[in-house]
Amino acid sequence: MVREALEALDITPEDIKIDRPADASHGDFMTNAALVYGKKTGVSSRDLAGKLVAELLHVPAEEIDRIEVAGPGFINFFLTDAALAGAVTDAVQFAESGQGTLRDERVNIEFISTNPTGELHIGHGRSAFYGDVLARVLLHTGAEVTREFYINDSRESNQIRELGKTALGKGEQYKTPELEEKISSLNFEGLSEEEAGGRLAEAVQEGNRAFIEGVLGVHFDVWYSEDAELRATGANDTILARLKQENFTYEKDGALWLKTAEYGDDEDRVIVRSDGTKTYFIADIAYHDGKFARGFQVAIDVWGADHHGHVKRMQSVGRMLGWPNVPRTGADQPVIFIVQLVSLKEDGKEGKQTKKMSKRAGNVILLRDLVEEFGIDVVRWFFAEKALSTQMAFDMALARDASENNPVFYVQYAHARLNSILEKTQGLKEVTRTTSLFEVPSARTLAAKMTEFPELVESVATDYSVHALTGYATGLATAVNTFYRDVRIVTGDMYDANALALAMQAKGILKKTLDILGISAPEKM
RNA sequence: GCCCUCGUGGUGAAAUGGAUAUCACGACGGUCUUCGAAACCGUUGUUCCAGGUUCGAAUCCUGGCGGGGGCACCA
């Protein structure tokens, strides 16, 4: 509609934005068209906005109640009550069944992928919950999602060998009390370092898997063993042969190098060492190439910041081997997200200091301990509410404070409250309103907030900004509480049917938001 | 040294280049004979520094300062 009006004024509607305003008093939708084109046409923005509105009034649109010009030339649109009610119904429908923006797009998302050398610490929490929530969002928008955990268990890797040394009492690497316990419960007699390392890694991995599924509530569709899938099957050798054959490699100093620099990397990388062993990189290439061979259109990796130097080389291989770009966005593959590391904050004599978590220094906080102390809902919220780029300095004392007054309880409370009202109305007499419920401002605000839900989920599915979900949940809960204050549903032996209907629709959307976050929506608390 | 990344109230965070920078915690003050006060309302207080681009900058560009990460024939 705005576009038509612009064309009527000989303006090409390319760069304009049609969006929701930041503030409800600015209507249900807004456009900055007049601001963008005011200068180009030599007219002042406000004058152009006026002309635009005049044109807009000629376009029939029964959903629009009124149009206003505000500020430097924004045009704001206000929906009619009927249109808003319709949008609420659509939002509820979307919450119930999802929608197919990403219809059947095949997505592989790989996250956590901790090494089988120890337990998960709080740094892994970010990857775990980010990946899990993103997967839930993509599923809700119609994608076919595979959640995958890559197990670095190759018998050829140095870390397994080191782990083996520790198992056999010949080394100290990765040694923690938990690991020692595992070692003493296993029998390594007569095993080589590699075999012992493999056996210990298996035991560690088993424990981590039970924790991830049972305690974190994160479900993986595929547990991908590097050793079984890439080393044992010869996939590594196959990809190596292909790289050689296609002339992407050369020998230097007795090692085999990959020409990644030609494809955007800072320098070439070694893939076979001078002693003939393969580096981890070759396995990573085989692994990712395999993802596309398995039919995935999108491969998402969630990595820790200590791996961010690997992004370029991985994507340069993508260009080298011709991996397809992401269908909708055209982004390079694999799509890689870097989660900033979590440091620990301690109160020292010279004020607060942060330091890197270090297993050696024994100042690691295990994810297990965090969940035990605060509960999974609080922990999930805690990680989900921060953008990946945030550098968290974790302070246990601060976390305790935060957990007592955590917004997650606020949102859950709103849900429980709505449920309580529903129970209260059982057996009471239903009364229908004679005037529109939306005449009450907070009812209208609640409805408007609800209609944002589909757009929110769609946008998270597109730009992967998972943390927007917690912000939305809080906002919706606030709208619910304000509505509760202003609109009385139960009075004596009667209840307001229109108000109850809206409240129950809100409850549905609130619950869906929590579901996507993997957080419970209690009926009572 | 080079590369990447982040810098927002007292604290933790949010903000596709848009309107008065938002939210929570904290602090201070109000609101329960009425559907759950785990709530609601009010007060307090913020874009690291200096330039630039733009009608318009927390956001983009340049240069500083500060935090984190990476610069292996380790993963």
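Which residue stands opposite Trp 257 in E9? In this predicted model, the residue facing Trp 257 of E9 is Tyr 250. The way to that pair leads through the chain as a whole.

Chain A has 525 residues, and 39% of them count as buried. Its C-alpha trace spans about 85 × 60 × 50 Å along the principal axes. The secondary structure consists of 19 helices and 18 strands. Among contacts in chain A with a separation of 6 or more, 72% come from residues 24 or more positions apart.

Strand E9 covers residues 255-258, and its side chains alternate between two faces. Leu 256 and Leu 258 point to one face and are buried. E9 is joined to strand E8, residues 249-252, by four bridges, and the two run antiparallel. Here Tyr 250 is placed across from Trp 257. E8 and E9 form a hairpin with two residues between the strands, and in this hairpin Asp 253 has a positive phi near 55°. E9 also pairs with strand E10, residues 269-272, in the antiparallel sense, over three bridges. In that pairing Trp 257 stands opposite Val 270 of E10.

H16 gives the most, with nine residues. By class, the surface near RNA strand B holds 27 nonpolar, 30 polar and 15 charged residues.

The last stop is a pair of helices. Two packed helices are described by the angle between their axes and by the distance between those axes. For helix H5 (residues 122-140) and helix H17 (residues 441-463), the axes come within 9 Å and cross at roughly 115°. The crossing of H5 past H17 is left-handed. On the H5 side the contact is made by Val 137, Leu 138 and His 140. On the H17 side Val 457, Val 460 and Ala 461 take part. Of the residues in this contact, five are nonpolar, one is polar and none is charged.

Conventions: Residues numbered from 1 in each chain as written. Chains lettered and ligands numbered in written order. Predicted model: local features only at pLDDT ≥ 70, side-chain atom pairs only at ≥ 80, totals over all residues. Nonpolar A, V, L, I, M, F, W, Y, C, P; charged D, E, K, R; others polar. Axes fitted to C-alpha atoms, helices over the stretch in contact; angles between N-to-C directions. Left-handed = near helix turned anticlockwise from the far one by under 90°. Contact = placed C-beta atoms within 7 Å. Buried ≥ 20, exposed ≤ 12 C-beta atoms within 10 Å, placed from the backbone. Pairing = 2+ DSSP bridges.
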